[in-house]
Amino acid sequence: MLTAAEIAEAKKRVRYQHANVLHEHDDSVRIAYQWLDAQITTKRKLRLACPLKEIIEIWGGRYVASFDVEVAAEMHPRIRGTYLQFNIRSRFTLPSDRRLTNITEARTQDYLLTAHHIIQTYGRIEP
């Protein structure tokens, strides 16, 4: 589990693309980290048209700011790149629900992970 101190240090290291930086909650960073951790990395950078944060929010059941995703990526040893251009496969992996077990704020808000969303968004399901 990522500690508050580790998250605070990572927030200082991120080179944000925008001047007005708003973080939601440390658990939002933890949710984003777990989602990124389940993804398969590549040599090439992903180029997404839709906000990655929305995909992570639906899986984690909680609001996640794009800045929180940037912090999670900064902390992750295998993730490279900037927001929306990370080195992950475009055929995303649906992370296991076990990844959310110790994250208190996970699945506390009204984000619905539907079968339709899973089919449209994910190419693989984590065992």
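Colleague: What accessible surface does the protein have, and what share of that surface belongs to carbon and sulfur atoms?

Modeller: The structure shown is a predicted model. Its accessible surface comes to about 7,200 Å², and the part belonging to carbon and sulfur atoms is 50%.

Colleague: Which radius of gyration does the protein have, and how does that value stand against a compact globule?

Modeller: Along its principal axes, the C-alpha trace spans about 35 × 35 × 25 Å. A compact globule of 127 residues would have a radius of gyration near 14 Å. The value for the protein agrees with this, at 14 Å.

Colleague: How many helices and strands does the protein have, and in what order do the elements run?

Modeller: The secondary structure comes to five helices and four strands. Read from the N terminus, the order of the elements is α-α-α-α-β-β-β-α-β.

Colleague: What percentage of the contacts with a separation of 6 or more joins residues 24 or more positions apart?

Modeller: Of the 127 residues in the protein, 43% are buried. Among contacts with a separation of 6 or more, those between residues 24 or more positions apart account for 84%.

Colleague: What distance separates the end C-alpha atoms of helix 2, and what span should its residues give?

Modeller: Helix 2 covers residues 26–38, which is 13 residues. At 1.5 Å a residue, these should span 18 Å.

Colleague: Is helix 2 largely enclosed or largely open, and against which elements do its buried residues pack?

Modeller: Because 10 of its 13 residues are buried, helix 2 is largely enclosed by the rest of the structure. These buried residues are D27, S28, V29, R30, I31, A32, Y33, W35, L36 and A38. The elements they pack against are helix 1 (4–13), helix 3 (52–60), helix 4 (66–75), strand 2 (85–86), strand 3 (92–94) and strand 4 (122–125).

Colleague: Which residues of the largest nonpolar core touch the most other members, and which element supplies the largest share of this core?

Modeller: The core holds 31 residues, and those touching the most other members are W35, L52, F86 and I88. At least two residues come from each of helix 1, helix 2, helix 3, helix 4 and strand 3. The largest share, six residues, is supplied by helix 2.

Colleague: Which residues does L52 touch beyond four places in sequence?

Modeller: L52 is one of the residues that touch the most other members of the largest nonpolar core. With residues up to four places away in sequence left out, L52 touches W35, V69, Y83, L84, F86, I88 and F92.

Colleague: What is the phi of L84, and where is L84 found?

Modeller: Most residues other than glycine have a negative phi. L84 lies in the loop between strand 1 (81–82) and strand 2, and it is partly exposed, with a relative accessible area of 23%. Its phi is positive although it is not a glycine, near 75°.

Colleague: What is the phi of R107, and is R107 buried or partly exposed?

Modeller: R107 is found in the loop between strand 3 and helix 5 (115–121). Its relative accessible area of 39% makes it partly exposed. Its phi is positive, although R107 is not a glycine, at about 55°.

Colleague: Is T93 buried or exposed, and to which side chain does a polar contact of 3.2 Å join it?

Modeller: T93 belongs to strand 3 and is buried, with a relative accessible area of 0%. Beyond four places in sequence, T93 touches W35, A38, Q39, I40, Y122, R124, I125 and E126. The polar contact of 3.2 Å joins its side chain to that of R124.

Colleague: Where does Q39 lie, and how far apart in space are Q39 and T93?

Modeller: Q39 lies in the loop between helix 2 and helix 3, and at 3% relative accessibility it counts as buried. Leaving aside neighbours within four places in sequence, its contacts are R78, I88, F92, T93 and P95. Q39 and T93 are 54 residues apart in sequence, while their C-alpha to C-alpha distance is 5.5 Å.

Colleague: Is E57 buried or exposed, and which residues does E57 touch?

Modeller: E57 lies in helix 3. Its relative accessibility is 5%, under the 20% limit, so E57 counts as buried. Not counting residues up to four places away in sequence, E57 touches R62, Y63, V64 and Y111.

How values were computed: Residues numbered from 1 in each chain as written. Predicted model: local features only at pLDDT ≥ 70, side-chain atom pairs only at ≥ 80, totals over all residues. Heavy atoms only, no water. Expected span 1.5 Å × (residues − 1). Buried < 20%, exposed > 50% of the residue type's maximum accessible area, 1.4 Å probe, protein only. Contact = heavy atoms within 4.5 Å. Core = buried A, V, L, I, M, F, W, Y, C linked by side-chain atoms within 4.5 Å. Rg over C-alpha atoms; globule rule 2.2 N^0.38 Å. Areas by Shrake-Rupley, 256 points an atom, 1.4 Å probe, with all protein chains shown as cover. Polar contact = N/O pair within 3.5 Å; in protein donor to acceptor, adjacent residues only side chain to side chain.
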